[in-house]
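The structure is a predicted model.

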Amino acid sequence: MDNLYELLGASTGIAGAILLAIKCRFSAWAWPLWIVSGVAWIVYAQATSTYGLLAQQVVFTTINLIGTWRWLIQPIAQKTGVRLAGTPAANAATPTTDRNQ
């Protein structure tokens, strides 16, 4: 079973790198592929007691979650007009810095 996670981690990691390298309209989907890769490597590292790999993949997966949010989810929300929690509304008044008000 460990070999399955190892193969999944390697193949999705490579697929994500290829998507990013060819710079196409689907390149942002590299981030979710890297999340799948990271989760597979985390399971593999846990099963094989390779704790350096485990620590590395926990950090990489966290970074890839942020990348997915910034490069995939936010742009899709902006295109569709969906306002995400924690993001300012497009028509929100901007604060002024004029001290005379």
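## Helix 1 and helix 2

Helix 1, residues 2-22, packs with helix 2 at an angle of about 155°, and their axes are 8 Å apart. Angles over 145 degrees count as roughly antiparallel, and helix 1 and helix 2 are therefore roughly antiparallel to each other.

Helix 1 passes helix 2 in a left-handed crossing. The residues of this contact divide into 16 nonpolar, six polar and two charged.

## Helix 2 and helix 3

Helix 2 covers residues 30-48 and helix 3 covers residues 51-80. These two helices pack at an angle of about 160°, with axes 8 Å apart. Helix 2 and helix 3 are therefore roughly antiparallel to each other, and helix 2 passes helix 3 in a left-handed crossing.

On the helix 2 side, the residues that meet helix 3 include W31, W34, W41 and Y44. On the helix 3 side, the residues that meet helix 2 include L53, L54, W71 and L72. By class, the contact of helix 2 with helix 3 has 16 nonpolar, seven polar and no charged residues.

## Loop residues with positive phi

K23 lies in the loop between helix 1 and helix 2. Its phi is near 50°, a positive value in a residue other than glycine. K23 is exposed, with a relative accessible area of 73%.

S49 is found in the loop between helix 2 and helix 3. S49 is not a glycine either, yet has a positive phi of about 55°. At 42% relative accessibility, S49 counts as partly exposed.

Note on methods: Residues are numbered from 1 along each chain as its sequence is written. This is a predicted model: local features need pLDDT of at least 70, side-chain atom pairs count only at pLDDT 80 or more; totals for chains, interfaces and linings use all residues. Side-chain values use heavy atoms; hydrogens and water are left out. Axes are lines fitted to C-alpha atoms, for helices over the stretch in contact, and angles run from 0 to 180 degrees between N-to-C directions. Helices (H or I, at least four residues) and strands (E, at least two) are DSSP runs, numbered from the N terminus. Angles under 35 degrees count as roughly parallel, over 145 as roughly antiparallel, 65 to 115 as roughly perpendicular and the rest as oblique. A crossing is left-handed if the near helix is turned anticlockwise from the far one by less than a right angle, and right-handed if clockwise. Contact means heavy atoms within 4.5 Å. Ala, Val, Leu, Ile, Met, Phe, Trp, Tyr, Cys and Pro count as nonpolar, Asp, Glu, Lys and Arg as charged, and the others, Gly among them, as polar. Buried means under 20% relative accessible area, exposed over 50%, partly exposed in between (1.4 Å probe, protein chains only).
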